[in-house]
Amino acid sequence: MKQMNCDPIAHLNALLQHRTLAETTISYREFRGFTGYPSTTTASKMLKSANTPFVGSYKDRIYSIPELFEGMESI
C-alpha cells in the first residue's frame with residue numbers, strides 16, 4: 001500500500017491563496033469549493049484549526065483570513 005505524504009499546513013496555504021486571489025473572507029462552502037475537499041467533516045475541522053476570527057452562526061459563518069498565520073512565512 002502506498003503511503004501518502006500530507007502537508008499539515010496545506011489548508012492554511014489554501015486560505016492565503018484565496019485571500020490573494022479572491023477576498024479576505026471565506027465561508028465554509030467557499031472553502032470546500034476552493035480546496036476541493038469532498039468531506040464536510042474534514043473541511044470543517046480544517047477551518048476550525050486555522051483559529052481565524054469569524055462572524056455568524058455555524059451554518060452562516062464567515063471566516064476572516066489574516067495576511068499571515070502565526071509561525072508561517074509568506075507564500
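Which helix gives the most to the lining of the largest cavity? The tour reaches the answer after a few notes on the model.

This is a predicted model, in which local features need pLDDT of at least 70 and side-chain atom pairs count only at pLDDT 80 or more, while totals for chains, interfaces and linings use all residues. Residues are numbered from 1 along each chain as its sequence is written, and side-chain values use heavy atoms, with hydrogens and water left out.

**First stop: the cavity**

Select Tyr28, Ser44, Leu47, Lys48, Tyr58, Arg61 and Tyr63, which line the largest cavity. A cavity is a set of points, on a 1 Å grid over the protein atoms alone, where a 1.4 Å probe fits but cannot get out; lining residues have an atom within 4 Å of a point. The structure holds one cavity of 30 Å³ or more, and the volume of the largest cavity is about 50 Å³. A volume is the space filled by probe spheres set on the points, which are joined across faces, edges and corners.

Helix H3 (residues 40-49) gives the most to this lining, with three residues. Helices (H or I, at least four residues) and strands (E, at least two) are DSSP runs, numbered from the N terminus. By class, the cavity lining has four nonpolar, one polar and two charged residues. Ala, Val, Leu, Ile, Met, Phe, Trp, Tyr, Cys and Pro count as nonpolar, Asp, Glu, Lys and Arg as charged, and the others, Gly among them, as polar.

**Second stop: H2 against H3**

Next, select Tyr28, Phe31 and Arg32 in H2, which meet Thr40, Ala43, Ser44, Met46 and Leu47 in H3 (contact means heavy atoms within 4.5 Å). This contact comprises five nonpolar, two polar and one charged residue. The helices pack at an angle of about 110°, with their axes 10 Å apart; H2 and H3 are therefore roughly perpendicular to each other (65 to 115 degrees). Axes are lines fitted to C-alpha atoms, for helices over the stretch in contact, and angles run from 0 to 180 degrees between N-to-C directions.

Now display the open sheet of three strands, whose order is E1-E3-E2 with antiparallel pairing. Its edge strands, each pairing on one side only, are E1 (25-27) and E2 (54-55). Two strands pair if DSSP finds at least two bridges between them. E2 and E3 (residues 62-64) pair in the antiparallel sense over two bridges. Select phenylalanine 54 to find its bridge partner in E3, tyrosine 63. Tyr63 is also one of the residues lining the largest cavity.

Key. 1 Å grid on protein atoms, 1.4 Å probe; cavity = no way out; pocket = protein on both sides within 12 Å on 5 of 7 lines; lining within 4 Å. Parallel < 35°, antiparallel > 145°, perpendicular 65-115°, else oblique.
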